[in-house]
Amino acid sequence: MKNAPKAKFAAYRKLLEKKADEVRRSMSAQKAAQVVSRLDVPSDEGDLSQQHHEEWIFLNRNTLDMKLLREVGDALHRIDTGSYGVCMECDEPISAKRLDAVPWARYCITCQEEIAARIAHGERVDEYQEADR
Ligand SMILES: [Zn+2]
């Protein structure tokens with residue numbers, strides 16, 4: 001593809017693949033931990049709301065992981081299609097510094113901040129928020 005040879009992004013591909021692996025692993029570890037804690041908890045009525053709460057946290061966490069996994073997968077796909085490292089909003093290249101920090105970034109820092117501000121103002125955007133890690 002144009003001026004972005006895939007080799008240029010080989011290091012990011014590695015990072016992304018590693019990240020996807022990590023997320024998948026943490027997801028199954030959480031799942032296992034949840035099953036174990038379930039077996040441990042006596043089905044006392046008092047524990048029920050606590051259990052629901054934990055379940056909610058787990059689901060929430062899981063949703064974030066799913067989202068991150070999707071972002072990472074999308075980024076890998078963009079490497080394949082040659083659109084990786086280019087802001088999807090303004091078509092400017094995303095800085096290497098930013099890609100180093102967030103290899104699955106799809107917007108340059110300027111656009112990302114704009115989008116974040118729009119979300120903060122309650123505007124409904126086809127939202128994309130980077131997971132904070
Ligand atoms: Zn941009």
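Reply: From the N terminus on, the elements run α-α-α-α. The chain has four helices and zero strands. Helices (H or I, at least four residues) and strands (E, at least two) are DSSP runs, numbered from the N terminus. This is a predicted model, in which local features need pLDDT of at least 70 and side-chain atom pairs count only at pLDDT 80 or more, while totals for chains, interfaces and linings use all residues. Residues are numbered from 1 along each chain as its sequence is written.

Me: Why is Asp91 exposed?

Reply: Asp91 has 10 other C-beta atoms within 10 Å, and therefore is exposed. This residue lies in the loop between α2 and α3 (96–101).

Me: Which residues touch the most other members of the largest nonpolar core?

Reply: A nonpolar core is a set of buried Ala, Val, Leu, Ile, Met, Phe, Trp, Tyr and Cys residues joined through C-beta atoms within 7 Å. The largest one has 15 residues, and Leu16, Val72, Ala75, Leu76, Ile79 and Trp104 touch the most other members. Helices α1 (10–40) and α2 (47–81) each supply at least two residues of this core. The largest share, five residues, comes from α2.

Me: Why does this core lie between domain 1 and domain 2?

Reply: Domain 1 (1–84) and domain 2 (85–125) both give residues to the core, so it lies between them. The domain bounds come from an automatic or database domain assignment.

Me: What is Leu16 in contact with, leaving aside its neighbours within four places in sequence?

Reply: Two residues are in contact if their C-beta atoms, placed from the backbone, lie within 7 Å. On that basis Leu16 is in contact with Val72, Ala75, Leu76, Pro103 and Trp104.

Me: How does the span of helix α4 compare with the expected value?

Reply: The expected span is 1.5 Å times one less than the number of residues. Helix α4 (residues 109–120) has 12 residues and reaches 16 Å from its first C-alpha to its last, close to the 16 Å expected.

How values were computed
Buried ≥ 20, exposed ≤ 12 C-beta atoms within 10 Å, placed from the backbone.
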